[in-house]
Amino acid sequence: MINGVGRDIPEKIAGIKNVAPYVDPFSNVPVGQITGPKIVANKPRSEKVLQSIEQAIDAAGLKDGMTISFHHHFRNGDYVLNMVIAAIARKGIKGLTLAPSSLNTINEEIIPYIEQGVITAVETSGARGKLGQLLTSGKLSKPTIIRSHGGRARAIECGELHIDIAFIGAPACDTYGNINGVEGKSACGSLGYAMVDAAYADKVVAITDHLVPYPLFPISIPQTQVDYIVQVESIGDPKGIASGALRISKDPRELLIAQYAATAIEYSGYFKQDYSIQLGSGGASLAAARFLKEKMKKQGITASFGLGGVTAPFIEMLEEGLIKAVYDVQDFDIPSIESIKKNRNHQEMSASFYANPHNRGPIVNQLDVVILSATEVDVDFNVNVITDSNGVIMGAVGGHQDTAAGAALSIVVAPLLRGRLPMVMDQVHTVCTPGATVDIIVTERGVAVNPQRKDLIKNLKAANLPMMDIEELRDLAYEFAGKPDPIQVSDKIAAVVEYRDGTLIDVIRTPL
Amino acid sequence: MKLRRTMMFVPGNNPGMLINAGIYGADTIIFDLEDSVALSEKDAARHLVYNAMKSIRYSCEVAVRINHISTPFGYKDLETILAVKPDLIRLPKAETAADIEEIDELITAAEIKHGFRPGSINMMAAIETAKGIRNAYDIAAASPRMVAIAIGGEDYLADLQTSRTKDGKEFFAGRGQLILAAREAGIHAIDTVFGDVNNEEDFIAETTRIKEMGFDGKSVVNPRQINIVHEIYAPTEKEIDHAQRVIAAYEESLARKSGVVSLNGKMIDIPVVKRAQRTLAYANAVGKNERGTTL
């Protein structure tokens, strides 16, 4: 079957239950009911705190073939996923589906357990390094399912991704299971991704290194959703969880791209009082904050809300009154964590509130402008953020699909060349975000507007930007770097990339 | 009118920088074969710059800073680089008119050899010693190819036996001499680099100062400095408005075939017209001449 972005999706894929090809961003109408966790009873003064992870695994009733989940708020400082999987392996449980909200390089430690069959399937947003290589190799018994953050929340809520047991790294947890992410030595800020797991998993185990007497306040994940609590010495490495304030890039090429992106916003028609914005945490995307800030101050414009993975430059804008409120699904640095703790206009939100296309209103649908990064873009404006130039998984879809679809104006920033490789090409190796939801591509040598956006083409004429057709950008990239041969792949489908609505937008075949 | 508000140095031995040198909006890029290139990489840099210029279309003026012809590299630099027709050859450490005349002859020979239009390759010189400053006018006027002279910073200060200060007293005499020489010769005066890229405040102060002294532009070492200089050189709305009126009055007088230009009843001298043209050239360069007054 050729899907809506021209990709050949097999009618049946072994290990994937529902193979529905992607059609377009919004036509898929969901049917059925929202699912829920098993009903349980809790007796007065019951004890939730257990002595070890092993004990929690037993109490939660983990068995071969179940699905377990984790959150990735600890990023590269995460100890929880690794220690829980190690404990599961010691118990001899096998054939699990691992469904974390994302995977980081630190999680490479679990590779032996995948090879031993403790984990036989993975559903996540992405992976890097050796884990990415393993997931691309096709050695797992089922193809990995790649979902966006909104798509994952949707899959959990509709039951496509049923979590038997959610293990939640809890920076602060009281003895009855109230959790927040802002206190304790492993504070990570928002727990937005974990909120969905906690609400829908059959069993929820909190793993904490900061167990406090009841009650904990504020509450991000409530006691009503938490079955068991285990205290351990450390759930993460603070240095890997959050960096010092993320600083604006000094790379002149990233700054130039950021400047072009900010100018494109200024002239787009959306740069008005009370507009809303999301910036990625990538170099050029984040750097756009600097130029937008200058333009907002100069023209006396303030934003109604800012969205997303939150970083220090965003917090500065909040504190200076340039942004009225920040909605936060994830924090990237210490100033953001401090802000969510103290600033009432800095609101924690769940992944479903953020980006689930099948609820009654994710906030991405209210978004005016988003700036997103890309690994590759093609002449149809399709974007790849998951596979590298060898066809190997090395990134994550994250909120890319969700914000591109939701925002009125989606801008993708990318260098025209990375090293000796063109980044604007005939066809991206893997489509993650469909071109129908991408409006502007910004590179250091030219800015291309999706031809469907005649309004933007008209508005940007006054912007004094190096406007080009996307084909011109591609030709320019090929002129410098040559046209690379397509990556040779086998028939083996190592992973499927879901669109946020649950249809398949692409498959990742194992490279030869 | 050719502007040289920013002349950006790009190390000749860095392929990534050579490829992207043209995208940052500098009025001139200067591929450097001299101070930023180690002795062991002189030949590599020369060939990298040669190949970059041969295969990449740069949309701005392209200059090459060669090694001085008194070094073992200068002649080879010229021989290689002239074959790909740079817009401009920049000679470092110029001290006498003879330096310029010798290179002028080599360029003339290369133009004939490669079939380039005679006089199509320009020259500029950096003056980096007290002796050079004393000879600044002779250097500036030594060849019709000369389009600019620049003051070179650290070597000049070493020769003067002083060092950098915040308010630039040490450069005052040299800059003053240089601008006078350039103006007398009718060519551009370019200021030295400001190496502390992260010190925006002092960079702005220095650039404002040299603009007020009359310099046409500044050498820069990082793309992040370009917009700062261009903003400082951008005329105000009031200046643009006045310049547009002067040019309109001038054109009207031309149309009337009258030798007298007057605006609001006041006579206008030709230098005022020229200044207005210069103002509008700067305004055009930053897209501020919205009325689109032609020059």
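Me: In which sense do strand 7 and strand 8 of chain A pair, and over how many bridges?
Reply: This is a predicted model, in which local features need pLDDT of at least 70, side-chain atom pairs count only at pLDDT 80 or more, and totals for chains, interfaces and linings use all residues. Residues are numbered from 1 along each chain as its sequence is written, chains are lettered from A and ligands numbered from 1 in the order in which they are written, and side-chain values use heavy atoms, with hydrogens and water left out. Strands are DSSP runs of E with at least two residues, helices are runs of H or I with at least four, both numbered from the N terminus, and two strands pair if DSSP finds at least two bridges between them. Strand 7 (residues 172-174) of chain A meets strand 8 of chain A in a pairing that is antiparallel, over two bridges.

Me: Which residue of strand 8 of chain A stands opposite Ala172(A)?
Reply: Three strands of chain A make up an open sheet of mixed pairing, in the order 8-7-10. Its edge strands, each pairing on one side only, are strand 8 (179-180) and strand 10 (211-212) of chain A. In strand 8 of chain A, the residue opposite Ala172(A) is Asn180(A).

Me: Which residues of helix 4 of chain A are buried?
Reply: Buried means under 20% relative accessible area, exposed over 50%, and partly exposed in between (1.4 Å probe, protein chains only). Gly129(A) lies in helix 4 of chain A but counts as partly exposed, because its relative accessibility is 33%. The buried residues of helix 4 (residues 129-136) of chain A are Leu131(A), Gly132(A), Leu134(A), Leu135(A) and Thr136(A).

Me: Is Val377(A) buried or exposed?
Reply: Val377(A) has its place in strand 17 (residues 376-378) of chain A. Leaving aside neighbours within four places in sequence, the residues in contact with Val377(A) (heavy atoms within 4.5 Å) include Asn382(A), Val412(A), Met425(A) and Ile441(A). Because its relative accessibility is 0%, Val377(A) counts as buried.

Me: What is the area buried between chain A and chain B?
Reply: The two sides in contact consist of 13 residues of chain A and 11 residues of chain B. Lys250(A), Pro252(A) and Arg445(A) supply 40% of the area that chain A buries against chain B, more than any other three residues. Buried area is the accessible area (1.4 Å probe) that two parts lose on being put together, summed over both; between chain A and chain B, with carbon and sulfur atoms giving 52%, it is about 1000 Å².

Me: Which side chains meet in a salt bridge between chain A and chain B?
Reply: A salt bridge is a side-chain nitrogen of Lys or Arg within 4 Å of a carboxyl oxygen of Asp or Glu. The count between chain A and chain B is one salt bridge. At 2.9 Å, N to O, the side chains that meet are those of Glu479(A) and Arg57(B).

Me: Which element gives the most residues to the side of chain A that touches chain B?
Reply: Two or more residues on that side come from each of helix 8 (252-268) and helix 15 (470-481) of chain A. With six residues, the element that gives the most is helix 8 of chain A.

Me: Which residues of chain A are in contact with Asn20(B)?
Reply: Asn20(B) lies in helix 1 (residues 15-20) of chain B and, because its relative accessible area is 12%, is buried. Leaving aside neighbours within four places in sequence, the residues in contact with Asn20(B) are Arg253(A), Glu444(A) and Arg445(A).
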